[in-house]
Amino acid sequence: MLGRFNRILLALTGLVLLAVGLAVLIGGLDLQRRWGFTMPDQWPFDGPKDVLFSDSARIRYRSEQWWWPAVITALGVLVVGSLWWLLAQLRGRRLRQVSVDSGDGSEAVLRGRALEGILAAETEALDGVEGARVSLNGERDTPRARLVLALAPHADPGGVLAGLRSVVLENARASAGLAALPAEARLRAVSHRASRVA
Amino acid sequence: MSEPFGTTGPIDTTQPPPSSEAAPPPAARARRFWSPRRIPAALTALVVLGAAGLLLYDVAAVRAGRSAMQWRKILARELATRPLDDLWVLLGAAVAAVAGLWLIVLALTPGLRAVLPMRRDTPGIRAGLDRHAAELALRDRAIAVSGVRSARVAVGRRTARVRAEAHFRDQEEVRADLRDALAEGIRQLGLDRPPRLALRLSRMTKE
């Protein structure tokens, strides 16, 4: 979700920068005349001796009633928006609670950290796994797990994944009474020296 | 803390999961992992925040009757006097265009090139193997072949390049064994697109 949002905003920012940069380059290098093409009438630059932002353009609307409120509002929106965008990057969307189906209709909740700790401990107990970090995200009744595993030298990635699914995730899913616990796993390796001893 | 989950001791994984015993159905192609692009987004947001915040502060200060900060006067004068074919203007425009293109590339490409997607034959799990982990696993395979003295492995998205050095046995035999061992090794990585093997075997020069 955050990724898609970031990408849209990055693309928009990039398009603005690219458009401004290219426009100034076209004006400054006089490409319209050299390469023989014309730009629409609203084109802001009249050739290489024009300036970026003339005094007359700068004070054009200054006498209008709406000008300063509009400038201040626009800048304010930009400040608040970018602050919010920045904070969205820092805030991890980690799940605090997972709702547990207790079977008798009353709702129980489990701390997200507790479930994460158990998932990590059980993952580390798998053969071939030396360390694990787990975080839960998603919604409290449809959580998703994110795992980063450090594999031992002798590990078999396929076997580790099978164990992860059939033991670790299945246990957690069943104990929390969830319909499903989809997971995303990143398998890394613990660096080690080459050795012929099996 | 671990009470609701029963066992926490060592877990027996020798029993295969019930469904993976039968031939796994041809799973859908695994998609690449896409980076959330947090760092470029944070940097862009920071730059926009800084510029807009400073300008807003100064505009508000001027409205309140104070005089504008020096940088704004200089900036306004420079923007109004430097012609477009001025070197600095052109340089700035080129930098802006390149930066914009870079942001667009960041927005459109998946990133996370070090994560190789694994085959989706474990339902419910989407897994990726780090390139470095694949390299270590293949290196260990290569080293285990008798006659191989050392091996260096670089796993790319399409090709696994292995450079090994042999110090005894017939070179062709070592090559054949190495090829088999590495093919098996690549298969066991469980990658969605197993890399092609590019093997270079050299004989260790005698001192």
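What follows is a walk through a predicted model with chains A and B.

Residues are numbered from 1 along each chain as its sequence is written, while chains are lettered from A and ligands numbered from 1 in the order in which they are written. In this predicted model, local features need pLDDT of at least 70 and side-chain atom pairs count only at pLDDT 80 or more, whereas totals for chains, interfaces and linings use all residues.

Start with the domains of chain A. The assignment, whose bounds come from an automatic or database source, gives domain 1 (2-52) and domain 2 (97-189). Their C-alpha centres lie 50 Å apart.

Next comes helix α1 of chain A, residues 2-28. Helices here are DSSP runs of H or I with at least four residues, strands are runs of E with at least two, and both are numbered from the N terminus. α1(A) has 27 residues and reaches 38 Å from its first C-alpha to its last. That is close to the 39 Å expected, a span defined as 1.5 Å times one less than the number of residues. Its buried residues include A:L9, A:L10, A:T13, A:L17 and A:V24. Buried means that 20 or more other C-beta atoms, placed from the backbone, lie within 10 Å of the residue's own; exposed means 12 or fewer, and partly exposed lies in between. An α-helix has 3.6 residues a turn, so residues three or four places apart point the same way. What covers the buried residues of α1(A) includes α4 (67-90) of chain A, together with α1 (38-63) and α3 (87-108) of chain B. Just after α1(A), A:D30 takes a positive phi of about 55°.

Now the strands. β3 (residues 129-139) of chain A runs antiparallel to β4(A), joined by ten bridges. Strands pair if DSSP finds at least two bridges between them. A:V129 stands opposite A:L151 in β4(A). A hairpin with two residues links β3(A) to β4(A). On its other pairing, β4(A) meets β5 (residues 183-189) of chain A in the parallel sense, over seven bridges. Here A:L147 has A:A185 as its bridge partner. The chain crosses from β4(A) to β5(A) through helix α6 (residues 157-176), and this β-α-β crossover is right-handed. In other words, with the strands pointing away from the viewer, the path from the first strand over the helix to the second runs clockwise. β4(A), residues 142-151, has a covered face of A:P143, A:A145, A:L147, A:L149 and A:L151. Its uncovered face holds A:T142, A:R144, A:R146, A:V148 and A:A150.

The strand pairing also reaches chain B. Five bridges join β5(A) to β2(B), and the two run parallel. A:L187 stands opposite B:L129.

The contact between the chains takes 80 residues from chain A and 74 residues from chain B. Residues are in contact if their C-beta atoms, placed from the backbone, lie within 7 Å. On the side of chain B, elements giving two or more residues include α1, α2 (70-81), β2 (125-130) and α5 (171-189). The largest share, 16 residues, comes from α1(B). That side divides into 48 nonpolar, 17 polar and nine charged residues. Ala, Val, Leu, Ile, Met, Phe, Trp, Tyr, Cys and Pro count as nonpolar, Asp, Glu, Lys and Arg as charged, and the others, Gly among them, as polar.

B:R37 has a positive phi near 55° and sits in the segment before α1(B). B:R37 counts as buried, because 24 C-beta neighbours lie inside 10 Å. B:L112 has a positive phi of about 50°, in the loop between α3 and β1 (115-117) of chain B. B:L112 is partly exposed, with 15 other C-beta atoms within 10 Å.

Conventions
Two residues are in contact if their C-beta atoms, placed from the backbone, lie within 7 Å.
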